[in-house]
Each structure stands twice: as C-alpha cells, then as structure tokens.
Amino acid sequence: MATQVTEAAAEEAHVREQTLVHDEIAFANDAKMTARDVDVFYGEKKAVDSVSIDVDSHYVTAFIGPSGCGKSTFLRCFNRMNDTIDIARVQGRIELDGEDIYDPRMDVVQLRARVGMVFQKPNPFPKSIYENIAYGPRIHGLASNKADMDGIVEASLTRAGLWNEVKDRLDDSGTALSGGQQQRLCIARAIAVDPEVILMDEPCSALDPIATAKIEELIEELKGRFAIVIVTHNMQQAARISQRTAFFHLGNLVEYGDTETIFTNPRADRTRDYITGRFG
Amino acid sequence: MSLGALALVLLGLTAITFAMTRMRANAFASGARPRDVHSRPAYHAVRAGLLALVPALFLLLVWLVIGDGIVADRTLDQLPQAAQPEAGIERQAFLTEMRSVARGDLPAAFNPAVNEAVPIYRETQASWTWLIGGLVVLLALIGGGYGWLKTAPDLRARTHVERFATIILALASLIAILTTFGIVLSLLYESLDFFSRVNPLEFIFGTHWSPQTAIRADQVGSSGAFGAVPLFWGTIFIGAIIAMAVAVPLGLMSAIFLTQYARPTARKILKPLLEILAGVPTVVYGYFAALTVAPAVRDAAIAIGIDSASSESALAAGVVMGIMIIPFVSSMADDALSSVPGAMRDGSLAMGATPSETIKKVLVPAALPGIVGGILLAVSRAIGETMIVVMAAGQAARLTINPLDSVTTVTAQIVQLLTGDQEFDSAKTLSAFALGLVLFVVTLLLNIYALAIVKRYREAYE
C-alpha cells in the first residue's frame, strides 16, 4: 500500500516536470538548431535537466525564468561556451543544421563563427571601435584587403544602428562608448562574421531603458536574417520582441510555445504563476 | 636608583592604578544600564593606567637620550677653569675617558684632570638620577591619581583609549618613513662631501673609473678617476638587458601558462613552486652564478672559438639574475592577466578565436600596462641586486657590449669600496655614497613610475 502511494506520487511529480510543448511548434523538421535531452552538470550539481527544444531561423526565441533556472547555462551550450568552464559537463545532443556540435569532428572555432554570442555585460575589447569589429573577420580571414574590411566594418556598424554615431571616431577606444553603444558595438562585432545564429545572454540587463529600447529595436530588425535566441529576466521584453518563448524553472524546460499563447494562456501552473508574478 | 628599578616601580604604579581604577569603575558600572555608563570598567582602567605610564615613560626616555650630556656639562662646570678641556675633540676624549673610569672599565685615567673629575661626575650623576627618578615617580603618581579621580560614569574613557591606539599605530608607521628619510639624508650628506672633491659632471659623464686617492702625494697612481659611466653601463647591461632578456620571456610565458592553460590543480602546485624561487637567498644564486654558470659560459665560449672569454662574465651574472627575477615578472604578469575581466576572454572565444589568438590579441594587449609596470619593477630590483654581481660579474669597470667580458656594476663597486679598512674622508670611500645615491634615485623613480602605471591600469578595470 505504502509503495503504491509513493509510486503514485512519483508519477505525479514526473507529470508535473514534463515539458509542455505547444502543438504549433512541435519539433519542426526545418529547425536551425535542435537540442535533445540536454543535461548540464556543474561538478555534481545538475543545472539543466533533460531539456529538448528547437530553435527556428525565422523567429526570435526567448528563454525566461527566475534566476538560477539554468536558462543562461543552457544558452551557452549552443556555442559550446560551457567548454571554457572546467567543471561544466554537457550531456545529450545539440545539432546545428543536423550536425552534432558536440561531435569530436566539430571544430569549435567554426561553430562559434556560425553561432555568435552577445553577453550580459557589454564587453568590447580594449581596442579601437574599428578593431573591435575587424577582430572576428580578421581571425576568420573574411576580408582580403583593407577596402573589404572597411566595407565589413561599415556594414556591421550600420546594421547595428551605430554607424552614424561612431563613423567619425572609429579610432576611439571601444570602451569609451556609453553602455548602450558598447552593447550595440558587441552586436555589430557578432554580426561582422555573418553568423547564422546569435545568442544573447540578457543583453539589456546592464542598460538603462532608452538604451534597452534601442537594442530591442535592433533585435526586431535583425530578426529573420539571423536566428536569435535571447535570455531575459524581463518578461515584458520577452513579450515585446520574441515570437517563441521557453519557460525554465529549476533546470527544467517547463513550457515552450508561441509567445502570445505563453503570456495569455499558459498551460502549466508554474508558467502562469511566474508570469503573473507569484514567484521569481 | 638604577634604571631597572625605576622601570619596575613605574610598572608597579601603572598596575596599581589599573587595579584601583577598575575597582572604582566596577563600583558604579555593576548593575547600571549601558546607557548610563559610557565605557566599560576595563576602558577606565586602561585609560588611567596609560595616564600613569605614558608621561612618566616619556620623561624617562627623554632623560635616557639627553641625560648623560647634561650630567657631563654640569660636571665640567664644577671643575676649576684650568682643568677644563677645550671644546671639540679634546672635550670628547676627556668625557669618554671620564665615563670609562666612572663605569670601572678603566682603573685610572691617563689624564690627571680626568681622575679629579671622576668623583664629581659620579656625584653629579647620582644626584641627577635621583632627581629624575623622583620626577618620574611623581609624574606617574599624578597621572594615575588624576585618572583615578576622573573616573566617572560619563567619562568617555573608551574614546580616549581608542584615540591613543590610533596615535600609537600612526607613530609606528611614521618610524619606518622617518628612518628612510634618515638614510636618504645621510646618503645625501656624504654624497655632497664627495661632490665637493669630485666634479659631479665628471662623475656622471666620465668614462674612466679608477677609484683611488693617494695617501702620500708622491705615490704611484695618486690620481683617481671617478667617471661612473662604465658602472652605470655595467649595471644596465647586466640588470636591464641580459637579465630581462631571460626573465621577461620566461616569466611572461609561465604567467600565460599558469593563468590560461594550467588546470587548477597544476596551478595550485606550480605557482607556489615558482614563488619559492623568489625566496632563495641571493647569495645562493651568487654561488650558482660564480661556480656553475660562469665556468660553463667560459667553456662554451672557448669551445666555439672565443679564446678571450673571461671566467667572470656579464652573461653568467645576467642570466642567473634573470632566473632570479622570473618569479617576480611572472607573478606581476599573472596579476595583470588575471585582472583582465573574464568577459573579455569569453567575448573573444565566442567570436571563434582560439585560446592562443585570444591571449595574443586580447589578453596580453589588455594587460600590457600591468605587465610593463611589473617589468619596470623587476628592472629596479635587478639593478639593485648585489650578491650575484659581486660574486660573478667581476670588478673590471669597462665599457663593453661583449657579454663574455667581465664588467662591474654600481652595487658590486659599492661593496668593494666599503669592504675592509677604509678612511672615511677620502674620495674613494665617499664615492660609494654617491653611487648609492644614484642607485637610490634611479630605483625610486622607476618604482614610482611603474607603480603609477600599474595603478592606473587597475583603475581601468574596476
């Protein structure tokens, strides 16, 4: 009798922890990146627990959830930035255009040229604005001469909406820009190598509202050209800029679906509680 | 009264004051609410004890410094006019002899006038000691009594004790600074003496170094030459060129390895090991340079056909000095690299840069000011280093760029000039002070400049 009760409870818990994936996006075949049963361990601690998700090229996908829910850790799996942390271990399968990115034959340098990243805190290199943008193209050999490079720099800065603000001072240090400009510089730096996916790890959390609005505008413009995955603390931001939303809690992916549905009619109780501000 | 007895009395008085004040404070503090009593009894007791001890101790210390002079003066005043020594050296000799006899070190003085003065000296000394001893005890009593009387619930004893502690700490730090000033002043004083004998321009720009001064005018080699350029060159050649050619690449590379590539466990073992190198006494490096490296360098040079190779060479001293400096450069570079924000490294890696590209193009340029500052500090250490060059570099002051020649450095010359019996009024000996002054000024400027760079660099990332 007692065993039966425990089993029932375990089953119930399991159901509760199952990921709810909305029908309209149920694992499409043309996804840019797919993750299947991904676990991430920090030493002994499991930070991400069996997460499966598809990232579509044409949409902005937002990861939301309370602090420590594993969303940033999971994001860093997509360009193998967790490799730089000695104690981090990734299990499961992540594919980019059907290729397993954790396969030993996958070159991490090429992977990162295809999957760019923008960080929480703007991190321009202590070099000139021009050199910040030229850094990626140079290490990947994308420009054959100075004119090419000038073109890439101008195009990237223009696309990041920064060209008009900095065109007269390309030789100034990137670190001398304001916080919002620095973050746009970092986005320009990421798009300079023409990646296929851009990962953004809370790109606005260190910025003021006006700078945040500019970044959001920029994301809107970049949408469709790059697959964009953004981690954010700010639910309004996720609602404003994303088409797909994934809600993470305690290392689990709780619910993944159309942004509008997630925010207006979530299916999981935990999602509703979080969105209505009952926890987090 | 002897000094020891006086000190004991003083300590006893302090202890009594402490105990009595404590009792008095306990009387009103026990049972009282904290807001009615400003300080706890222990603070009252310490305050009163300090009042008893400090002024009395101060008087005692002052007496210890100037007391003997006063006693001597009074003694001489009591002597008949004819027996009094003339001022200057004669007076000094008289007093020294008088004190020795009074202490019992000498059975009797050679100077009969001294023998007459001794009993007067003893008597004067005894009466003054009693006077001062009495004053010390009186002061302790007054101070202690005042502290005891003033002990009251609203007395801010805690504040006073804290302030006293602050003053003591400030004095402690002042002593180190004042000592440095004292050293600089004495260096300056002797150097000025030297420059009054030798033209400073000749010293700084002259290229011939042969420090000797004649005792008799007709002596051979009576004309010394004090052109210090060969020494400056030797110092720079060994300390800033050869040593840095060894230390900078090796130190930098080991820092890069330790901060970027080594696993945490390897780092935990290797970093302290490297730092142990910094703790090896320099004289040990000296042996190593003189007995192992220098002969090896000479043999290697002869083997490749350079017959003139000296067994004391700039190369041997410089290389060993470089090895000694490696931990220094490595730890400064390590600090500089570690303080580059991790976000910078992540940003570069996320662009698809390899770890070595990241180090070369982002981390080292970002850490460069810190690294340069560290190298300058290392240079300033290297040019002040003495033992290795004394043992391995040789004594020949020559201007050469051949690393196999023996050269000498400022520090090695200072050692040579000041070892053995020296007369302190000859230009030869005094030149050591001028050399020391130059060394001091150069290393001071290097340190200030290097620390300014490092500081500005740290601020950039905070």
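Reader: In which order do the strands of the open sheet of 4 strands in chain A lie, and which pairing do they have?

Author: Strands of a sheet pair through backbone hydrogen bonds, either parallel or antiparallel. In this predicted model, the open sheet of chain A has the order E3-E2-E5-E6, with antiparallel pairing. Its edge strands are E3 (45–55) and E6 (99–100), each of which pairs on one side only.

Reader: Over how many bridges do E5(A) and E6(A) pair?

Author: Strand E5 (residues 88–96) of chain A pairs with E6(A) over 2 bridges, in the antiparallel sense. Leu96(A) stands opposite Glu99(A) of E6(A).

Reader: Do E7(A) and strand E8 of chain A run parallel or antiparallel, and what joins them?

Author: The two strands run parallel and are joined by 4 bridges, with E8 spanning residues 197–201. Val118(A) stands opposite Met200(A) in E8(A).

Reader: Which residues have the most contacts inside the largest nonpolar core?

Author: That core has 87 residues, and Met321(B), Ile325(B) and Leu435(B) have the most contacts inside it. Helix H12 (residues 355–384) of chain B supplies the largest share, 14 residues. Apart from this core lies another, of 45 residues, including Met200(A) and Phe226(A).

Reader: Which domains does the assignment give for chain B?

Author: The assignment gives domain 1 (3–155) and domain 2 (225–461). Their C-alpha centres lie 52 Å apart.

Technical notes
Residues numbered from 1 in each chain as written. Chains lettered and ligands numbered in written order. Predicted model: local features only at pLDDT ≥ 70, side-chain atom pairs only at ≥ 80, totals over all residues. Heavy atoms only, no water. Domains from an automatic or database assignment. Pairing = 2+ DSSP bridges. Core = buried A, V, L, I, M, F, W, Y, C linked by side-chain atoms within 4.5 Å. Buried < 20%, exposed > 50% of the residue type's maximum accessible area, 1.4 Å probe, protein only.
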